[in-house]
Amino acid sequence: MIATVLTGACVLAGAGAALSAGLGLLRLPDLLSRMHAATKPQAVGLLMVLVAVGVRFPTGGVITTLLLVALLQLTTVPIAAHMVGRAAYRTGRVPRHLLYVDELDEALSPVPPGAGERPSGRGPDSGGEEPDAEH
Amino acid sequence: MSDLPPFSVRVGRRVVQLPLVVWLTVIWLLMWDGPSAANVASGVAVALVLVLVFPLPPLDPGLRIRPVGLVVFAVRFAFDLLRSAGPLTWQAFGSAGRDTVNSVIGVTLRTRSDLILAGTAIALSAVPGTLVVDARLATSTLFLHVLGGADDAQLDRARAAVLALERRVVRAFGTREDLRAIAGDAR
């Protein structure tokens, strides 16, 4: 009885997280923002469903496989997101007018675009943190 | 002959890292129903073939497992993960409208370990509001997209969060040298 309730709750919570991922994809304006929605809540959604399966079928063989699925999900999704974000940024699919500060742009440009043109919104502690461009 | 990384043996011209073999065998066992002699033997065989056919550069100075730090890291990771899926988070982003201003910031980590950089980048994917866009190994710099990062205070918070995360990763997996790097830095 308790296991059934727990299973149902986990499946519902997981479905809700996946739904919020879908809504985020619809609502957010640009690719990088949508990547947030595509990576975080859907990972939680999958984990919730895995927990539900583990509660419903609590045998060693099932649980070890679920652990493997969770591990691979948590380690590969960030890398996939990083690859998509990097490709999008470097092909100019990121709308610059929606960015308040863009330190990657400075880091990628081989010549600093004018000494006085630094964006105003730098943190006070960021003085030593600019990475050198790859000369 | 003495330039072998720790826990490694030389097989012909290839260097076999035994921790990697053990790890691959564990993954193999997780895929099956349980550890039996045949499973372990076949897992070791497959792992050896994999590391001989696809050799990886040694991970040096490698990772340590620090139990207390690992528990702190894991609990906080799970908490962040749940928080990032919370309906409030997404309502906040949704109500911000179509002209939400974000930022891309570069945060330079205090350690110079590839492993800590990778671990921090992976763990960052659980933190709501930040997404790794690019990474620079030479300087251990992570470039992050900060959702809703439209003023200096928010960006400072994001930087502090990344450095705090790095500290948790180091306390869970770091070498002594990594620990010194985060201890000697008061930023």
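From the N terminus on, chain A runs α-α-α-β-α. That makes four helices and one strand. The model is predicted. Of the 135 residues in chain A, 39% count as buried. Among its contacts with a separation of 6 or more, 49% join residues 24 or more positions apart.

**A sheet across two chains**

The strand of chain A joins a sheet with strands of chain B. Four strands form this open sheet, in the order β1(A)-β3(B)-β5(B)-β4(B), and the pairing is mixed. β1 (99-102) of chain A and β4 (130-136) of chain B stand at the edges. Each has a single partner strand, so one side of each is left without a neighbour in the sheet. From one strand to the next, the twist averages 25°.

Where do the chains meet within the sheet? β1(A) pairs with β3 (residues 102-108) of chain B in the parallel sense, over two bridges. A:Asp102 has B:Val104 in β3(B) as its bridge partner.

| Helix of chain A | Strands it lies across | Angle to β4(B) |
|---|---|---|
| α2 (residues 31-56) | β3, β4 and β5 (141-146) of chain B | about 105° |
| α3 (residues 60-90) | β1 of chain A; β3 and β4 of chain B | about 75° |

**The cores**

The largest nonpolar core has 34 residues. B:Phe73, B:Ile105, B:Leu124, B:Leu142 and B:Leu144 have the most contacts inside it. Both chains contribute: α2 and α3 of chain A each supply at least two residues, as do α3 (67-84), β3, α5 (114-124), β5 and α6 (152-173) of chain B. The largest share, nine residues, comes from α6(B).

Leaving aside neighbours within four places in sequence, B:Leu142 is in contact with residues including B:Ile105, B:Val107, B:Leu117 and B:Leu124. Its other contacts include B:Gly106, B:Thr120, B:Val132 and B:Asp134.

Another core, of 12 residues, lies apart from the largest one. Among its members are A:Ala81, A:Leu104, A:Ala107 and B:Leu131.

**The interface**

How much area do the two chains bury between them? Chain B and chain A bury about 4,300 Å², with 61% of it on carbon and sulfur atoms. The contact takes 56 residues from chain A and 52 residues from chain B. Two salt bridges are found across the interface. The side chains of A:Arg90 and B:Asp134 meet in a salt bridge, at 2.4 Å from N to O. B:Asp134 is also one of the residues in contact with B:Leu142.

**Turns and backbone in chain B**

Chain B also has a hairpin, formed by β1(B) and β2(B) with two residues between them. Strand β1 (residues 8-11) and strand β2 (residues 14-17) of chain B pair in the antiparallel sense over four bridges. In the turn, B:Gly12 has a positive phi of about 65°.

B:Ser140 has a positive phi as well, about 55°, although it is not a glycine. Most residues other than glycine have a negative phi. B:Ser140 sits in the loop between β4 and β5 of chain B. Is B:Ser140 buried or exposed? B:Ser140 has a relative accessible area of 1%, so it counts as buried.

How values were computed: Residues numbered from 1 in each chain as written. Chains lettered and ligands numbered in written order. Predicted model: local features only at pLDDT ≥ 70, side-chain atom pairs only at ≥ 80, totals over all residues. Heavy atoms only, no water. Pairing = 2+ DSSP bridges. Axes fitted to C-alpha atoms, helices over the stretch in contact; angles between N-to-C directions. Contact = heavy atoms within 4.5 Å. Core = buried A, V, L, I, M, F, W, Y, C linked by side-chain atoms within 4.5 Å. Buried < 20%, exposed > 50% of the residue type's maximum accessible area, 1.4 Å probe, protein only. Buried area = accessible area lost by both parts, 1.4 Å probe. Salt bridge = Lys/Arg side-chain N within 4 Å of Asp/Glu carboxyl O.
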